Amino acid sequence: MAFVFFAYFAVVSIVAGILTVSLKHPVQCGLALLALLLHVSGLFIMLNAEFLWAVQVIVYAGAILVLYLFVLMLLNLKTDDRYFHAKTPYLLAPAAIGLVYLLFLLVRSPFSGAKGDATSAAILQNGDAHAIGIKMFSEYLLQFEIIGVFLTGAIVGAIVLAKAPKSIETRRDA
Amino acid sequence: MIPLSAYVAVSAVLFATGLLGVLIRRNFIIVLMSVEIMLNAATINLVAFSHYLDSMQGQIVALFIIAIAAGEAAIGLAIIIVVFRGKISTNVDEMNLLKW
């Protein structure tokens, strides 16, 4: 049963990713990206990361994607005739060969390492959000604060960048 | 039980798709969307390793990645608006003012 769900989420997220890259109209690309984000959040459920599932749906699908669609609607883009790079056909074959080689290496790798103490049973006792919160606000407090400062700087920068500049006439009057 | 390499393979395919999108698409907004695909691929990897190695660190870093992605989207879209105001285009080939 778990395998069926995994196959569904994996196949749909890969197909949605390919559609995001290949569709012509930017709004359709945004909707394909929405499908990708929701199915990736399904993969998080499969991995016992319920809190990340909620964050992915709320922050990615709810906030970031709406920001993208908002800017797309604001700019009212016409579909470009030349929407791919001129040398796209020459890029595809090396990309496919490189990907097959990468997958070959990945499947052969053993993937093991030191195990931690956060087993599935330990997480399920109090829930995933509890486990993340305890870890985040003890060991990773400094990084958390840095992310806070980073986000503040990003939002101030975005506002300063997007603010309409004063026209030359009004500047002359002042 | 799904093997860890299955998750890593999905993440690799998604990352390659995003990288190809950054390379071949000419619309700046879709280039940013491809970057989001790549960030998502990295997040899948982190959460999968976090689950299979019984550690919380991967999920914490995945949360940080989502925060960074939000900042990146805000700044990138602000830059698009500024460029669009001057040139009425979001084609990356026409953004060559900083090139010499």
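A residue is buried if 20 or more other C-beta atoms lie within 10 Å of its own, exposed if 12 or fewer, and partly exposed in between, with C-beta atoms placed from the backbone. Keep that rule at hand for the exercises below.

This is a predicted model, in which local features need pLDDT of at least 70 and side-chain atom pairs count only at pLDDT 80 or more, while totals for chains, interfaces and linings use all residues. Residues are numbered from 1 along each chain as its sequence is written, and chains are lettered from A and ligands numbered from 1 in the order in which they are written.

**Exercise 1. Two loop residues**

Task: Find where A:N48 lies, and decide whether A:N48 is buried, partly exposed or exposed.

Solution: 
- Step 1. Locate A:N48 in the loop between helix 2 and helix 3 of chain A. Helices (H or I, at least four residues) and strands (E, at least two) are DSSP runs, numbered from the N terminus.
- Step 2. Count its surroundings: A:N48 has 18 C-beta neighbours inside 10 Å, so A:N48 counts as partly exposed.
- Step 3. Look at the backbone. Most residues other than glycine have a negative phi. A:N48 is not a glycine, yet its phi is positive, about 60°.
- Step 4. B:D54 sits in the loop between helix 2 (28–52) and helix 3 (57–87) of chain B. Its phi is also positive, near 55°, in a residue other than glycine. B:D54 counts as partly exposed because 16 C-beta neighbours lie inside 10 Å.

**Exercise 2. The outline of each chain**

Task: Work out which elements chain A contains, and why chain A is described as more spread out than a compact globule.

Solution: 
- Step 1. Count the elements: chain A has eight helices and zero strands.
- Step 2. Turn to the radius of gyration (taken over C-alpha atoms; the globule rule is 2.2 Å times the number of residues to the power 0.38). Chain A has a value of 22 Å, well over the 16 Å that the rule gives for 174 residues, so chain A is more spread out than a compact globule.
- Step 3. Of the 174 residues, 21% count as buried.
- Step 4. Look at the domains, whose bounds come from an automatic or database domain assignment. Chain A is divided into domain 1 (1–77) and domain 2 (124–164). Their centres, taken over C-alpha atoms, are 22 Å apart.
- Step 5. Repeat for chain B, which has three helices and zero strands. Its radius of gyration is 17 Å, well over the 13 Å that the globule rule gives for 100 residues, so chain B too is more spread out than a compact globule. The C-alpha trace of chain B spans about 55 × 25 × 20 Å along its principal axes, and buried residues make up 52% of its 100 residues.

**Exercise 3. Where the chains meet**

Task: State how many residues of each chain take part in the contact between chain A and chain B, and which helix of chain A gives the largest share of its side.

Solution: 
- Step 1. Find the main contributor: helix 3 of chain A supplies the largest share of the side that touches chain B, twelve residues.
- Step 2. Sort that side of chain A by class: 52 residues are nonpolar, 13 polar and five charged. Here Ala, Val, Leu, Ile, Met, Phe, Trp, Tyr, Cys and Pro count as nonpolar, Asp, Glu, Lys and Arg as charged, and the others, Gly among them, as polar.

**Exercise 4. A pair of packed helices**

Task: Describe how helix 3 of chain A packs with helix 2 of chain B.

Solution: 
- Step 1. Two packed helices are described by the angle between their axes and the distance between the axes. Axes are lines fitted to C-alpha atoms, for helices over the stretch in contact, and angles run from 0 to 180 degrees between N-to-C directions.
- Step 2. Read the values: helix 3 of chain A and helix 2 of chain B pack at about 175°, with axes 12 Å apart.
- Step 3. Name the arrangement: helix 3 of chain A is roughly antiparallel to helix 2 of chain B. Angles under 35 degrees count as roughly parallel, over 145 as roughly antiparallel, 65 to 115 as roughly perpendicular and the rest as oblique.
- Step 4. List the residues: A:L52, A:Y68, A:V71 and A:L72 meet B:I29, B:M33 and B:V47.

Note on methods:
Two residues are in contact if their C-beta atoms, placed from the backbone, lie within 7 Å.
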